[in-house]
Amino acid sequence: MRQYHSGMPEATRSVVRAQLEEERNRLRAKLGEMGFGDNGALAFDGGFADSSQVTAERSEIEAVAASLSDTLHETEDALAKMDDGTYGHCESCNGEIGEARLEAMPSARFCIRCASTPR
């Protein structure tokens, strides 16, 4: 098993982990506020008189929720990588992701070189 980003001090890892955990909690709370429960289902008030209004609102909320959900998934993946010792390694080239990039974007999956390369 690979270890954490070798150039990242333990104190920095602790700060990054705290940022990721805070982000995960914020995203879960926001999705909950929007009516998305643990099952991902969206609850709407059936008392709306205009079904087109419900459809339009549902579409907008689902688009925002999908983006939040994607970010939550990336955040949870980064935390899982911290737990299994693979955090800080590029998913494309397996090289180390720069410490500055991880500090700026804790859920980064790719090093800057691979992130800049069109897929």
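Trainee: Which residue follows α2, and is its phi positive or negative?

Mentor: Glycine 85 follows α2, and its phi is positive, near 85°. Just after α1 comes another glycine, residue 35, with a positive phi of about 100°. Keep in mind that this is a predicted model: local features need pLDDT of at least 70, side-chain atom pairs count only at pLDDT 80 or more, and totals for chains, interfaces and linings use all residues. Residues are numbered from 1 along each chain as its sequence is written, and side-chain values use heavy atoms, leaving out hydrogens and water.

Trainee: What makes a stretch a helix, and how many helices does the protein have?

Mentor: A helix is a DSSP run of H or I, at least four residues long; a strand is a run of E, at least two. The protein has four helices and zero strands. From the N terminus on, the order is α-α-α-α.

Trainee: How do you know that the length of α1 agrees with its number of residues?

Mentor: Take the expected span, 1.5 Å times one less than the number of residues. Helix α1 covers residues 10-33, which is 24 residues, so it should span 34 Å; its end C-alpha atoms are 34 Å apart, and the two agree.

Trainee: Why is proline 106 called buried?

Mentor: Its relative accessible area is 16%. Buried means under 20%, exposed over 50%, partly exposed in between (1.4 Å probe, protein chains only), so proline 106 counts as buried. It sits in the loop between α3 and α4 (112-116). Of the 119 residues of the protein, 31% count as buried.

Trainee: Which residues touch proline 106, leaving aside its neighbours within four places in sequence?

Mentor: Contact means heavy atoms within 4.5 Å. By that test proline 106 is in contact with Val16, Gln19, Leu20, Ala78 and Tyr87. Valine 15 lies 91 residues away in sequence, and its C-alpha is 9.9 Å from that of proline 106.

Trainee: Which residues of α1 are buried, and what covers them?

Mentor: The buried ones are Thr12, Arg13, Val16, Leu20, Leu27 and Leu31. Their cover includes α2 (51-84) and α3 (99-104). In turn, α1 is part of what covers the buried residues of α2, among them Val54, Ile61 and Leu79.

Trainee: What makes a set of residues a nonpolar core, and how many residues has the largest one?

Mentor: The members are buried Ala, Val, Leu, Ile, Met, Phe, Trp, Tyr or Cys, joined through side-chain atoms within 4.5 Å. The largest core has 14 residues; Leu20, Tyr87, Cys90 and Leu102 have the most contacts inside it. Two or more residues come from each of α1 and α2, and α2 gives the most, with three. Apart from this core lies another of eight residues, including Leu31, Phe36, Leu68 and Leu72.

Trainee: What makes a space a cavity, and how many of 30 Å³ or more are found?

Mentor: On a 1 Å grid over the protein atoms alone, a cavity is a set of points where a 1.4 Å probe fits but cannot get out; lining residues have an atom within 4 Å of a point. Grid points join across faces, edges and corners, and the volume is the space filled by probe spheres set on them. The search finds one of 30 Å³ or more. The largest cavity has a volume of about 60 Å³. Its lining includes Glu74, Ala78, Tyr87 and Arg109.

Terms used
1 Å grid on protein atoms, 1.4 Å probe; cavity = no way out; pocket = protein on both sides within 12 Å on 5 of 7 lines; lining within 4 Å.
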